[in-house]
Amino acid sequence: MTDTRSVSVPPAGSAQVQEQRAPIVECLGIDDMILTYSSEHWIDPVGEDGVQYWDISMHVKEDGGPGTCFGSIKICVADEYRVANIVHSFDVLSSDLYRIGKTLYDEKTGELCDELRDLLALPGKTTIVDEVTIDQRLRGHGLGVYLTGMALDYLSHGAGVIALFPGPLERGDDTDYEQARANLGRAWSRIGFTPYSDGTWILDPGTTALDDALRRERERLRDHRWNMTFRYEAPGLSTISEITMAKSVPHPLANSLP
């Protein structure tokens with residue numbers, strides 16, 4: 001599900017802790033952030049390769065490269081022609097992917113639904129946003145949505161459709177689930193997602209919707225600045241102990257944006 005939640009880097013064990021550096025405060029914007037990508041490619045010919053699972057981490061820059069992590073994105077790239085039935089492959093991975101998969105594909109044949117195929121500009125693979133997490137203190141400004149859009153732009157070449165299910169990751173007794181879904185849907189609509197069927201939202205990468213949305217969101221976020229206090233427990237290991245806004249422009253959906 002495509003909600004966000006707080007993430008942090010755990011401190012090192014007591015045996016590993018060396019001389020600590022003094023906390024450092026930096027004022028950072030979107031140009032001070034980096035996305036890193038990792039995925040597994042099974043060489044074994046009997047291995048499952050119809051669904052590529054990508055782990056993308058959100059970092060702040062440090063010494064010209066990725067530093068402290070403040071969030072993550074999980075994205076699947078599915079190719080129906082590399083497996084017997086892509087819906088069954090989704091079912092093995094997770095119930096959330098299966099729910100989206102059986103909305104987009106014919107569960108019996110494993111082929112893209114004719115109705116959806118007719119809606120798309122070009123045929124191709126399916127890219128699914130499975131999960132997005134971001135530090136709770138960075139929520140409310142659309143940063144998670146924008147960075148996910150950047151990752152989709154990077155990974156979706158050759159894709160026929162991009163999909164997600166906008167639902168909260170964690171559901172407490174006091175959570176208005178339908179209201180949360182509505183809020184998240186409005187958030188994802190800012191980068192071009194539209195409702196399709198059974199709670200699944202889609203984006204057609206064969207149009208200019210994503211490119212246009214990313215330009216608008218970058219322009220909106222370019223003056224945002226966050227004061228971040230970094231604490232270093234050991235060489236190469238740091239946490240963000242405090243985050244405050246130094247400058248920002250109020251967002252029209254500030255209460256619902258990840």
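Me: How many residues does helix α4 have, and what span does it reach from its first C-alpha to its last?

Reply: The way to read a helix is to set its span beside the one expected for its number of residues. In this predicted model, helix α4 covers residues 143-155, which makes 13 residues, and it reaches 18 Å from its first C-alpha to its last, close to the 18 Å expected at 1.5 Å a residue.

Me: Is α4 largely enclosed by the rest of the structure or largely open, and why?

Reply: A residue counts as buried when its relative accessible area is under 20%. Ten of the 13 residues of α4 are buried, so the helix is largely enclosed by the rest of the structure. Among them are Leu-143, Val-145, Tyr-146 and Leu-147, and the buried residues of α4 also include Gly-149, Ala-151, Leu-152 and Leu-155.

Me: What percentage of the residues of the protein chain count as buried, and which secondary structure does the chain have?

Reply: Of the 258 residues of the protein chain, 47% count as buried, and its secondary structure comes to six helices and ten strands. The chain exposes about 13200 Å², of which carbon and sulfur atoms supply 48%.

Conventions: Residues are numbered from 1 along each chain as its sequence is written. This is a predicted model: local features need pLDDT of at least 70, side-chain atom pairs count only at pLDDT 80 or more; totals for chains, interfaces and linings use all residues. Side-chain values use heavy atoms; hydrogens and water are left out. Helices (H or I, at least four residues) and strands (E, at least two) are DSSP runs, numbered from the N terminus. Buried means under 20% relative accessible area, exposed over 50%, partly exposed in between (1.4 Å probe, protein chains only). Accessible areas come from the Shrake-Rupley method with a 1.4 Å probe; for residues, only the protein chains shown count as cover.
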